[in-house]
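Please keep the structure in view while reading.

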Amino acid sequence: MKLNEVLPFWSGLTKQQQDLLAQTVTIQRVSEGTLVHNGTEDCVGLLIVLRGRLRAYILSEEGREITLYRLLERDLCLFSASCMMKSIQFDISVEAETDTEFYHIPVDVYQTLMKQSAQVANYTNEVMAARFSDVMWLLDQILYKRIDARLAAFLLEEESLSQKDEIKITHEAIARNLGSAREVITRILKYLQNDGLVTVSRGSIKILDEQGLRRLAGDSIR
C-alpha cells in the first residue's frame, strides 16, 4: 500500500509536505513478539500497520498486563510517539502479535505536519479520541463485567481475527490480554468446556458453540 492509500489527509497536503513524507517514511518489518514501543520513555515515532497486527497494552505495578486495543491493517499507532503528547501520563507498550510490516513516520516530521496542516491535526485528534474511547470502554468492562463474559468475548474476537474456530493460544496469553491470572482463565475455560461451548487442549481452544459464547459475552463484545 502506498502512503496516499493509508493516510486520509494525504490529498490535503501540499506537494512539499507530500515530498517530506515520501522522503522520510520507511517501511519496517518485525517478527511476532517483538516489543515495538516500550512506554513513555521510548518515542519511536508513528506507525501505520500495513500487514499483521500490533497490540497496545499497559503493565500494572504487580507486573500484570492488560490489552487496551489492537491495531490492524491501515491503523495508526499514535502512542508510539507519546513524547509529542505531553498530556499522556501513563505508559503504553506496543508489541507485534504476529509478524508485522508497518510504515514508520519520524516524530519531528509528523509534528511539523501537525503545525502546518489543520487536516493532519484534526485527524490526529480523531485517532486520539477513538483510542481513549477504547480505553474507557475497557475500564467499564474491568469494573462492571464478569470475567467469564470478557473471556467469551475475547475468544470470539480471536476467532474473528484468525478466521478459524480453533484458536492457537495459551492460558497465560489470554490472562495477559485480559489482565487476569492464568489460574482464573484455566478454571473458567473448564466451565466453558463442561457447558459444551469450547474444547480445550494444550496450546489451543476450539469453539464449538459460537452462539452460546455470544450469549455469555453479551455487551462485552466490541
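In this predicted model, 3 strands form an open sheet in the order β9-β11-β10, and their pairing is antiparallel. The strands β9 (166-168) and β10 (198-201) stand at the edges; each has a single partner strand, so one side of each is left without a neighbour in the sheet. On average, neighbouring strands of this sheet are turned by 15° against each other, direction ignored.

The pairing of β9 with β11 (residues 204-207) is antiparallel and is made by 3 bridges. Within this part of the sheet, K168 stands opposite S204 in β11.

Two helices are considered next. Helix α7 (residues 182-194) lies across β10 and β11. Helix α5 (residues 147-162) packs against α7, with the two axes 10 Å apart. The angles of α7 to its two partners are listed below.

| Pair | Angle |
|---|---|
| α7 and β10 | about 130° |
| α5 and α7 | about 80° |

Why are α5 and α7 described as roughly perpendicular to each other? Angles of 65 to 115 degrees count as roughly perpendicular, and α5 and α7 pack at about 80°; the two helices are therefore roughly perpendicular to each other.

Which residues make this contact? Helix α5 contributes I147, D148, L151 and L155, while α7 contributes V184, I185, I188, L189 and L192. The residues of the contact of α5 with α7 divide into 8 nonpolar, no polar and 1 charged.

Notes
Residues numbered from 1 in each chain as written. Predicted model: local features only at pLDDT ≥ 70, side-chain atom pairs only at ≥ 80, totals over all residues. Heavy atoms only, no water. Pairing = 2+ DSSP bridges. Helix = DSSP H or I, 4+ residues; strand = E, 2+ residues; numbered from the N terminus. Axes fitted to C-alpha atoms, helices over the stretch in contact; angles between N-to-C directions. Contact = heavy atoms within 4.5 Å. Parallel < 35°, antiparallel > 145°, perpendicular 65-115°, else oblique. Nonpolar A, V, L, I, M, F, W, Y, C, P; charged D, E, K, R; others polar.
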